[in-house]
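Please open the model in your viewer and keep the sequence panel beside it.

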Amino acid sequence: MTTPLLELENLHTYFYTDTGVARAVDGVSFAVGVGETVGVVGESGCGKSVTALSILRLVRPPGRIEAGSVMRFEGKDLMALDEEAMQHIRGNRIAMVFQEPMTALNPVFTIGDQIGEVARVHAGMNKRQALAKAVEMLKLVGIPAPEQRAGEYPHQLSGGMRQRVVIAMALVMNPALVIADEPTTALDVTIQAQILELLADLTRRLGTSVLLITHDLGVVAENCTRVIVMYAGEVVEEAATSDLFARAHHPYTEGLLGAMPRVGGEKDRLATIPGTVPPPTNWPKGCRFRDRCPYSWERCESEHPPLYQIGGGHTSRCHLAEEPERRQHPHPPLAAQRGATAA
Amino acid sequence: MTAPARADAAPLLSVRDLTKHFPIKRGVFGRVDGAVRAVDGVTFDVAPGETLALVGESGCGKSTTGRAILRLIEPTSGSVRFDGQDVLALDASDLRKLRRRMQIVFQDPFSSLNPRMSIGAIVREGLTIHHLAEGSAADNRVRQLLEEVGLRPEYASRYPHEFSGGQRQRVGIARALSVEPTFIVCDEPVSALDVSVQAQVVNLLQDLQRDRGLAYLFIAHDLSVVEHIADRVAVMYLGHVVELAPVEKLYGEPIMPYTQALLSAVPAPEPGVKRERILLTGDVPSPANPPSGCVFHPRCQHPARDSACAKIVPPLEEKTPGHWAACIKQPPTSVSWDDQRAAGATNQPEFFLPRAALHRSA
Amino acid sequence: MNPSAALASILGPRRTLSRLLHDSRTRIALVVLLIVALSAVFAPLLAPYDPTVQLDIVRLPSQPPSFAHPLGTDPYSRDVLSRLLYGGRISLAVGLGAVLLAMSFGIAIGAVAGFIGGAVDAVLMRFVDAALSIPRLLVLILVASLWGSLGLVPLTLLMAGTGWFAVSRLVRAETLALREREFIVAARALGASPMRILVRHVLPNVAAPALVAAALGIANVILLEAGLSYLGIGVRPPTASWGAIIQDGAERVSDLWWLTLFPGLAILVTVFACNALGDALRDAFDPRQLPRGNDPTFAAEA
């Protein structure tokens with residue numbers, strides 16, 4: 001990879017709540033190359049959405065990006081930019097596509113106005129030019145009768161159409177990076193297929209990089225070149241997509257893959273990950289996945305695993321990288337031994 | 001019409017021509033102006049101990065069907081028989097008695113538990129209502145139920161907000177089990193959960209079914225979960241059941257073009273394998289104003305689709321033993337070629353099964 | 001349901017109560033209200049004089065604060081401190097009584113309207129709409145002036161009778177929203193009777209916002225009562241009430257300042273405490289304040 005478009009180093013985003021400091025993102029480092037589509041996978045509470053908000057510096061109090069976090073984008077240090085410079089980046093160089101298209105759109109403005117607004121703010125277009133741009137964008141995202149649709153309000157569109165509008169808004173300024181946070185989770189499966197196809201097609205044509213945040217490994221397999229797996233505020237595994245699916249190294253990734261029912265797959269009992277994610281106010285020392293892991297041993301309790309290089313750009317935050325023979329002897333995870341199935 | 005049922009068992013639940021139209025009211029005086037045809041003539045059976053999945057996209061009427069069967073929404077017409085009883089004819093007090101045998105588990109683990117009741121009180125409520133246990137006997141029963149769904153009995157005094165989504169879903173299941181039902185409507189019970197938690201709840205539902213001989217109506221939109229848990233699957237589109245078949249047949253040889261499109265849209269977790277897609281054009285039409293004839297015809301990709309599809313309402317008919325589908329262009333069909341021609345047909349029915357619809361052969 | 005279980009079902013999670021008690025607004029408000037309530041209850045022991053007796057109309061009218069009369073005397077030579085203490089009884093009694101009645105009635109009407117819906121709901125709510133379009137103070141002044149001055153019980157009833165509309169509307173709206181919640185559907189699916197659903201599931205969930213409204217309502221009634229007494233159409237003289245004391249000095253506010261300042265302060269502090277308690281309750285009951293299991297920042301607490 002040449003110079004990456006976006007680089008995160010040691011990103012920490014903490015939330016200062018009455019129940020303690022929630023270390024939602026706790027030392028995340030990764031990079032996104034030009035034109036690359038990278039998936040960030042993990043379950044609720046793993047910190048993937050907070051990571052996305054942090055990149056745009058949209059974390060609100062009681063949340064705070066901690067000093068020492070490094071975010072470089074197109075050679076700029078995002079942490080050093082003032083709010084005005086940051087506003088120039090948001091919507092212009094980095095755009096965001098949210099999960100709920102209805103809440104991402106303002107119900108009292110027409111969709112033409114809202115798409116045009118981006119062009120007026122960032123490209124200084126006048127009202128007429130902005131509307132023309134909006135119509136052009138609507139055509140680009142495959143909305144029929146774009147001239148007419150531009151004059152309609154969000155509630156007049158279906159969920160799939162709304163998400164197309166949100167994508168149109170994100171792409172107005174031809175940004176270098178689109179962060180899509182669960183862009184299809186709220187949509188039906190046939191519409192999801194349309195939207196992902198559209199996003200892939202457009203970003204390929206425009207050379208846009210995509211950070212695709214999702215919980216759906218199927219979506220990752222079909223759309224991403226590289227995957228980052230997050231657990232408990234950390235990156236626990238990173239690999240090329242095919243490598244990850246063929247040779248998952250981290251026990252958490254292994255568990256996720258096993259827990260996922262597949263169409264056309266075996267009808268065995270689904271594998272589960274016993275126990276629950278520990279509270280972010282109180283991450284365990286050592287390995288954060290230890291209690292739920294079928295291979296954990298003493299070392300996992302005392303020593304926080306680093307991201308081990310396991311070859312070919314594949315990294316994993318698991319001591320098995322150094323003691324691979326332990327994989328031969330799985331045991332019931334501590335969480336299951338305690339009898340607390342519950343999740 | 002003979003019912004799309006399993007031949008080998010007397011049905012526990014028989015649903016016939018179930019219909020629910022929600023009137024659309026306009027103006028100050030609530031003048032009725034048309035109706036949303038949420039469920040439009042749905043027919044199926046559920047055998048004892050069986051899991052019938054009801055799948056479809058949002059707005060297809062699957063949840064309304066589930067609730068209309070339990071009369072949580074009063075159906076407009078049709079019939080529901082449960083274990084020989086005519087459910088729709090019961091008065092309020094007999095209906096409350098029947099509720100012991102038919103239960104429901106909801107999708108949203110947050111809205112489905114009363115935030116001001118401890119989970120012990122929530123699970124206990126059914127015992128009290130039906131006088132199944134009182135005092136310390138009820139306490140013990142609550143403890144057992146919590147254990148059965150994989151929660152620690154000590155949790156009984158805690159409140160719902162202290163639990164994660166998956167744990168709350170277990171509480172909802174324990175509440176349903178408390179009255180010892182034989183049939184449970186599972187309304188998207190795992191849709192709101194994370195993958196690993198979803199697997200736990202799916203396994204739990206399967207264990208309970210095995211131990212207690214429960215029958216499920218499993219309402220879902222996730223086709224991979226459905227394939228895993230269901231014995232038979234009914235596919236709904238715009239208030240109609242358009243295909244109903246044993247799970248292997250439905251996934252192995254989907255007949256209805258809509259089912260084919262639905263299956264092709266499921267992402268495959270195999271990197272490098274770029275799945276072919278049947279991309280449906282346009283959006284699902286409004287159930288207030290459904291298309292004439294076959295409700296799917298404006299979006300259908302069947303090569304033999306013609307103007308007869310817009311005129312003839314396709315009957316749900318048995319194409320191969322146990323495999324029911326509603327399509328006049330997929331042979332065999334009881335709608336004769338003469339009738340089709342009279343309705344403007346130009347294309348003879350011919351069997352169509354695009355490769356994109358299949359997962360297993362890949 | 002026994003009383004403690006009923007209370008528990010209204011307060012819900014223990015965290016609500018502990019959050020309420022950890023709120024400094026609650027603590028200050030509770031201390032203030034406790035002082036006001038105790039001084040009202042023990043007024044006969046605390047008051048140095050009989051509040052209605054004119055001590056010496058020749059030598060003691062309109063005396064500024066002194067050792068013998070810490071808050072001075074009024075133009076009828078009555079001791080202001082004694083009148084203030086006894087006046088608190090009237091203000092609190094009317095406030096609590098009226099709000100209790102208005103709440104019970106408002107909750108009952110609102111819950112029934114929201115739960116049954118249809119024609120019952122339409123009729124009740126049109127009536128409430130009509131009632132709410134008439135200013136409350138206007139009704140109070142009209143009735144009070146027709147009656148002449150009022151006794152304690154009629155005044156309380158009048159306040160209650162004009163105070164339940166807004167509560168019933170609030171409770172109806174909450175009930176309508178609750179009716180669609182799945183735990184209500186689940187209770188129906190379990191075979192719970194409508195009465196049981198109303199008592200076990202609807203009322204405890206509408207009690208929280210109603211309690212907030214009640215705290216704010218008490219403040220409102222105290223102000224209204226003071227207003228009426230100030231206009232001379234409140235409680236019947238010579239009964240002491242905070243508004244009546246101010247009224248006694250109303251014509252000479254600048255030189256008889258103690259007749260305005262002390263009862264004014266009493267009203268201010270009490271009303272402020274009620275409002276603070278109401279706000280604290282609102283925050284404590286707000287479910288968004290509860291950490292949720294799947295909140296990205298509060299993953300899996302249990």
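Select helix H8 of chain A and helix H9 of chain B: H8(A) and H9(B) are oblique to each other, a class left for angles that are not under 35 degrees (roughly parallel), over 145 (roughly antiparallel) or 65 to 115 (roughly perpendicular). Their axes lie 8 Å apart and the helices pack at an angle of about 55 degrees. Here axes are lines fitted to C-alpha atoms, for helices over the stretch in contact, and angles run from 0 to 180 degrees between N-to-C directions. Helices (H or I, at least four residues) and strands (E, at least two) are DSSP runs, numbered from the N terminus.

This is a predicted model, in which local features need pLDDT of at least 70 and side-chain atom pairs count only at pLDDT 80 or more, while totals for chains, interfaces and linings use all residues. Residues are numbered from 1 along each chain as its sequence is written, and chains are lettered from A and ligands numbered from 1 in the order in which they are written.

**The crossing between the chains**

View the pair along the line that joins the two helices: H8(A) passes H9(B) in a left-handed crossing. A crossing is left-handed if the near helix is turned anticlockwise from the far one by less than a right angle, and right-handed if clockwise. Next, colour A:Val189, A:Thr190, A:Gln192 and A:Ala193 of H8(A), which meet B:Ala261, B:Leu262 and B:Ala265 of H9(B). Contact requires C-beta atoms, placed from the backbone, within 7 Å. Five of these residues are nonpolar, two are polar and none is charged. In this division Ala, Val, Leu, Ile, Met, Phe, Trp, Tyr, Cys and Pro count as nonpolar, Asp, Glu, Lys and Arg as charged, and the others, Gly among them, as polar.

**Helix H9 of chain B**

Nine of its nine residues are buried, so H9(B) is largely enclosed by the rest of the structure. Buried means that 20 or more other C-beta atoms lie within 10 Å of a residue's own; exposed means 12 or fewer, with partly exposed in between, and C-beta atoms are placed from the backbone. The surroundings of these buried residues are H8 of chain A together with H7, strand S9 (232-237), strand S10 (240-246) and helix H8 (247-252) of chain B.

**Helix H8 of chain A**

Move across to H8(A), whose 18 residues reach 26 Å from first C-alpha to last, close to the 26 Å expected at 1.5 Å a residue. The expected span is 1.5 Å times one less than the number of residues. Its buried residues include A:Ile191, A:Ile195 and A:Leu199. Among the elements covering the buried residues of H8(A) are strand S3 (37-41) of chain A and H9 of chain B. Step past the end of the helix to A:Gly207, where phi is positive, near 70 degrees.

**A neighbour within chain A**

The residues in contact include A:Ile167 and A:Leu171 of H7(A) and A:Leu198 and A:Leu202 of H8(A).

**The whole interface, and chain C**

Show chains A and B together: the contact takes 41 residues from chain A and 43 residues from chain B. On the chain B side, H6(B) gives the most, with seven residues.

Finally, select chain C, which has 13 helices and zero strands. Of its 302 residues, 47% count as buried.

Definitions and conventions
Contact = placed C-beta atoms within 7 Å.
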